[in-house]
Amino acid sequence: MAPSRWQEQLGALAIQMRAILNRHRDVARISLGRAPTGPTVAVFTEWMFTLLEPVGIPDKVIAYLGDFFGLYVGAFTFEESLGAGSLDTHGMPPEQFLEMIKGYMRSLPEDQFPYTRQAADLIFASDRDDRYLFGIDLMILPVDLQCHHGL
């Protein structure tokens with residue numbers, strides 16, 4: 001463990017957690033709505049504090065980050081476990097259904113929905129890895145700012 005590389009290590013942990021939950025899909029489903037307990041949460045908590053306290057991140061931020069991290073990873077992998085079959089596509093192939101939705105968004109009145117029209121492709125982009133890592137970065141960046149700005 002190297003506190004000077006904490007962002008990299010949290011990112012690597014997020015990738016590992018997602019991989020584990022995707023290999024055991026029911027774990028993500030079971031974890032939602034349940035407070036983590038037992039030895040695993042204690043080991044995770046110790047790891048987080050050992051990694052983040054030396055770089056000056058406040059204890060409250062570390063504790064909340066650990067909770068938020070678990071919630072994000074669990075919810076993301078739960079949604080992944082549902083697959084395209086979870087969409088009510090009205091009998092259409094999922095790709096065709098998503099194209100129909102994007103087409104609808106692009107057809108909205110430009111004077112009322114300029115950003116929605118413009119972002120239709122981005123909103124339904126299918127690069128799940130990119131979306132996942134973006135969420136992880138959103139968690140890590142504010143923590144880094146808090147650390148360096150004394151927030």
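# Exercises on a predicted model

The largest pocket has a volume of about 880 Å³, and the structure in which it is found is a predicted model.

**Exercise 1.** Work out which residues are closest to the centre of the largest pocket, and which elements give two or more residues to its lining.

*Solution.* Begin with the lining, which is made up of 29 residues, and look for those closest to the pocket's centre, which are M17, P36, T40, V41 and G70. Then turn to the secondary structure, where the elements that contribute two or more lining residues are α1, α2 (25-31), α3 and α4.

**Exercise 2.** Compare the length of α4 with the expected span, and list which of its residues are buried.

*Solution.* Helix α4 has 24 residues, and its first and last C-alpha atoms are 35 Å apart, close to the 34 Å expected at 1.5 Å a residue. Its buried residues are V61, I62, L65, G66, F69, Y72, V73, G74, F76, T77, E80 and S81. Just after the helix comes G83, which takes a positive phi of about 65°.

**Exercise 3.** Determine where the buried residues of α3 lie around its axis, and what they pack against.

*Solution.* First check the length: α3 has 14 residues and reaches 20 Å from its first C-alpha to its last, close to the 20 Å expected at 1.5 Å a residue. Next, identify the buried residues, which are M48, L51 and L52. Seen down the axis of α3, these buried residues fall within an arc of 80°, so they line one face of the helix. The face turned away from that buried side carries the exposed residues P39, V43 and E46. Finally, the buried residues of α3 pack against α1 and α4.

**Exercise 4.** Repeat the analysis for α5, asking which residues are buried and which are exposed on the other side.

*Solution.* The 14 residues of α5 (residues 94-107) should span 20 Å at 1.5 Å a residue, and the end C-alpha atoms are 20 Å apart, which agrees. The buried residues in α5 are F97, K102 and M105. Because they cover an arc of only 135° around the axis, they are on the same side of α5. On the other side, Y104 and S107 are exposed, while the buried residues pack against α6 (114-123).

**Exercise 5.** Decide whether E110 and L122 count as buried or exposed.

*Solution.* The cut-off needed here is that exposed means over 50% relative accessible area. E110 is found in the loop between α5 and α6, and at 53% relative accessibility E110 counts as exposed. L122 has its place in helix α6, and at 64% relative accessibility L122 also counts as exposed. To place the two residues in the fold, note that the C-alpha atoms of E110 and I30, 80 residues apart along the chain, are separated by 43 Å, whereas those of L122 and P54, 68 residues apart along the chain, are separated by 38 Å.

Notes:
Residues numbered from 1 in each chain as written. Predicted model: local features only at pLDDT ≥ 70, side-chain atom pairs only at ≥ 80, totals over all residues. Heavy atoms only, no water. Helix = DSSP H or I, 4+ residues; strand = E, 2+ residues; numbered from the N terminus. Expected span 1.5 Å × (residues − 1). Buried < 20%, exposed > 50% of the residue type's maximum accessible area, 1.4 Å probe, protein only. Arc of directions from axis to C-beta. Contact = heavy atoms within 4.5 Å. 1 Å grid on protein atoms, 1.4 Å probe; cavity = no way out; pocket = protein on both sides within 12 Å on 5 of 7 lines; lining within 4 Å. Points joined across faces, edges and corners; volume = space filled by probe spheres on them.
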